[in-house]
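Good morning, and thank you for coming.

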Amino acid sequence: MHHHEHHHLQAPNKEDILKISEDERMELSKSFRVYCIILVKPKDVSLWAAVKETWTKHCDKAEFFSSENVKVFESINMETNDMWLMMRKAYKYAFDKYRDQYNWFFLARPTTFAIIENLKYFLLKKDPSQPFYLGHTIKSGDLEYVSMEGGIVLSVESMKRLNSLLSIPEKCPEQGGMIWKISEDKQLAVCLKYAGVFAENAEDAEGKDVFNTKSVGLFIKEAMTNHPNQVVEGCCSDMAVTFNGLTPNQMHVMMYGVYRLRAFGHIFNDALVFLPPNGSDND
């Protein structure tokens, strides 16, 4: 058994962050750079538009990788409908082009809403030169993998190891070497396992998941049944990074709730502020 297998990675403690000097905090916030990969198909065009107009503006750079050329939006054409091939090609493209510019790579579906500042806060004390591969983990037989539904985060070291395996078919085949096809997130886990990179579940200090495979609405519905006395507290982590299964309308609702709505008189003392890079669309 690898001691690294099935870690429960927790977010940094706010008190620990406050112990860091203000100059160091400013330096940290500037050095953190997240590159976002969104895999899309033409049928996703309304979701694509919503994602482009909402949360991806908070990535340090976001690019859309599409199964074919789509005139209405700028994207990188992968020339395949196969999600695993799209994922492989997108990771290779991102690593070849941006390995010296970004230290964290976040991949998501167009049904996912992400709060990138929370992702950066979660990763704050993690070292990107270590092989991190994290999100919402699922166990399938002997394989533990990060579900694509909640988004997948790879450190630049994991990207480096994955990239070195993409050309070795016996370790990271283009098609699963089985009679039946396995999902792209499982295929990725198999390849990463060969590289000594294991799936890690991301949680807050209370053990609540921060990468979520469902929408807020569904979580609240479940909480009303399971925790009727504490629906909001019982629903989700305060520092959630992702929710999934959203419609374009729900994307805009989330954007309003996360980035626009203010409760006057209720003051949050953030331990850290993440500054967007020059020329960013980040509002």
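How many aromatic pairs does a search of the whole structure find? The search finds ten. Here, rings of Phe, Tyr and Trp (its six-membered ring) pair if their centres lie within 6.5 Å; planes under 30 degrees apart count as stacked, over 60 as edge-to-face and the rest as tilted.

Before the details, a word on the basis of this talk. This is a predicted model, in which local features need pLDDT of at least 70 and side-chain atom pairs count only at pLDDT 80 or more, while totals for chains, interfaces and linings use all residues. Residues are numbered from 1 along each chain as its sequence is written, and side-chain values use heavy atoms, with hydrogens and water left out.

Let me start with the aromatic rings. The ring centres of W104 and F132 are 6.1 Å apart and the planes meet at 45 degrees, so this pair is tilted. W104 belongs to strand β5 (residues 104–108), whereas F132 is in the loop between α5 (116–123) and β7; the pair thus links distant parts of the chain, 28 residues apart. Helices (H or I, at least four residues) and strands (E, at least two) are DSSP runs, numbered from the N terminus. Both W104 and F132 are buried, where buried means under 20% relative accessible area, exposed over 50%, and partly exposed in between (1.4 Å probe, protein chains only).

A second pair, F219 and F243, is edge-to-face, with 6.3 Å from centre to centre and 70 degrees between the planes. Because F219 lies in helix α8 (residues 216–226) and F243 in strand β12 (residues 242–243), the pair ties together parts that are 24 residues apart in sequence. F219 counts as buried at 13% relative accessibility, and F243 is buried at 5%. Ring pairs also link Y35, Y98, Y102 and F105 into a cluster.

One ring has a charge over its face: K126 lies over F122, at 4.8 Å from the ring centre. The criterion is that NZ of Lys or CZ of Arg is within 6 Å of the ring centre and within 35 degrees of the ring normal.

I turn now to the cysteines. How many disulfides does the structure hold? There are three, a disulfide being a pair of cysteine sulfur atoms within 2.5 Å. Counting bonded cysteines along the chain, the pattern is 1-2, 3-4, 5-6.

C36 is joined to C59, with an S to S distance of 2.0 Å. C36 lies in strand β2 (residues 34–40) and C59 in the loop between α3 (45–53) and β3 (61–66), so this link ties together parts that are 23 residues apart in sequence. The torsion about the S-S bond of C36 and C59 is about -95 degrees, so the disulfide is left-handed.

In the disulfide of C172 and C191, the sulfur atoms are 2.2 Å apart. C172 is in the loop between α6 and α7 and C191 is in helix α7, so the pair ties together parts that are 19 residues apart in sequence. With 90 degrees about the S-S bond, this link of C172 and C191 is right-handed.

C235 and C236 form a disulfide with sulfur atoms 2.1 Å apart, and this link is left-handed, with -60 degrees about the S-S bond.

Finally, consider helix α7 (residues 184–194), whose buried residues include L188, C191 and L192. The buried residues of α7 pack against α4 (83–98), β7 (133–135), β9 (143–146), β10 (152–155) and α6 (156–165), where contact means heavy atoms within 4.5 Å. After α7 comes G196, whose phi is positive, near 75 degrees. Thank you for your attention.
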